[in-house]
Amino acid sequence: MSEESDLERTEEATPRRLEKAREEGQVVRSQELTSFTLLMAAAVGILMLGSALMEKLVKIMQSGMQLDRELAFRSELMINRFYEFAIEGLISIGPLLFLLLIVAFFAPMLLSGWLVSAKAVIPDFKRIDPIKGFVRIFSMRSLIELIKAILKTILIGGVAALVIWHNKDSVMALLTVSIDLGISRTGDFLAMSFLLIISAMIIIVAVDVPFQIWEHAKQLRMTQEEVRKEYKESEGDPYVKARIRNLQREAARRRMMSEIPKADVIVTNPTHYAVALRYQSNMRAPKVVAKGVHLLAARIREIATEHRIPILEAPPLARALYHHTELESEIPEKLYTAVAEVLAYVFQLRRYNEYGGAEPRPPVDVPVPDELDQAKLAV
């Protein structure tokens, strides 16, 4: 089966795809931005430290050119002297080197931030495949890089020529000044020229950075099939999830049915709704332990009949309890009066069944607030 072409990759990379690419070290990088930042730091460093650096280097050169008869006949002293000059030279350019080291460390993070990826340093022998390497040489990306290199050479070379031509009189004037002044002016001229030439690279950076961002996004594009596959892997197969939800509902229904024998009363519609209530002395308010409509309501009534749980027909209260109370939750305060009237009847009925006496009458027209009565709200 052939690999999918870029034309089929029409979908933007998902967050998971971007995260995976980042873990593999595949992030947006602009070599032009890194080079520009490093060279600009070098230009600024030379401009700020150039005079002091030049003076130190001149002193080292003057000391090195002094003829010492003892050094001429003792090579070990000459080596030590050379070692001292090398140390002094390194100390002189140390601040500039330290600045460049810091910039070189942080410059690649300008686009994608800090990244530590072990996968990026793992050897990949596909990268040294000569066939793929030959293909990469003649790829569109290589052509773009070649064009970019040519344009960069023309731009930087042109700016350098303009800077030199503009300052040709100043350069020629260096021949008429003293050596010390000439060295100082030469250093300033080179630093300023270097800064101007490097500043021209900002045009290249302004073009390269958006291109690299676009190229990175293009490489990470996905096909619709890959997006669907990733969704299944991350969110789960819809059919499996639906099956799990059905199993969860079934388990919850079985738990609910097991609570019906513990209920004190079943309030019904009488056929459409059924709500099982339970109240104990340690409860703050009665709780709904089961509820259902249609077939589930009929099953609740059947279980209640099997366990001799009182069933009371109170349509407005049954509807209000079903729509405004969750399972294992206390009833709303606005239904306290209505439920208290029902429970009072249940406790009287329970006493009648145990001790006899006058049979209690079931409550009629149990009061339910209008804002909780679904029939009135529908009107």
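This is a predicted model: local features need pLDDT of at least 70, side-chain atom pairs count only at pLDDT 80 or more; totals for chains, interfaces and linings use all residues.
Me: What is the phi of Glu328?
Reply: Most residues other than glycine have a negative phi. Glu328 is not a glycine, yet its phi is positive. The value is about 60°.

Me: Where is Asp365 found, and what is its phi near?
Reply: Asp365 is found in the loop between H15 and helix H16 (374-378). Asp365 is a residue other than glycine with a positive phi. That phi is near 55°.

Me: Is Asp365 buried or exposed?
Reply: A residue counts as exposed when its relative accessible area is over 50%. For Asp365 the relative accessible area is 71%, so Asp365 is exposed.

Me: Which strand holds Leu277, and is Leu277 buried or exposed?
Reply: Leu277 lies in strand S2 (residues 273-278). Buried means under 20% relative accessible area. Leu277 has a relative accessible area of 0%, so Leu277 is buried.

Me: Which residues does Leu277 touch, not counting those up to four places away in sequence?
Reply: Leu277 lies in strand S2 and is buried. Leaving out residues up to four places away in sequence, Leu277 touches Ala263, Asp264, Val265, Val267, Lys287, Val288, Leu321, Ile331 and Val339.

Me: What separates the C-alpha atoms of Leu277 and Leu343?
Reply: Along the chain, Leu277 and Leu343 are 66 residues apart. Between their C-alpha atoms the separation is 9.0 Å.

Me: In which helix is Met140 found, and is Met140 buried or exposed?
Reply: Met140 is found in helix H7 (residues 140-166). With a relative accessible area of 57%, which is over 50%, Met140 is exposed.

Me: How far apart are the end C-alpha atoms of residues 143-165?
Reply: The unreviewed UniProt entry places the feature "transmembrane region" at several spans, including 143-165. Over residues 143-165 the chain is 100% helix and 0% strand. The end C-alpha atoms are 33 Å apart.

Conventions:
Residues are numbered from 1 along each chain as its sequence is written. Side-chain values use heavy atoms; hydrogens and water are left out. Helices (H or I, at least four residues) and strands (E, at least two) are DSSP runs, numbered from the N terminus. Buried means under 20% relative accessible area, exposed over 50%, partly exposed in between (1.4 Å probe, protein chains only). UniProt positions are given in the numbering used here, feature names are shortened, and annotations may be inferred rather than shown by experiment. Contact means heavy atoms within 4.5 Å.
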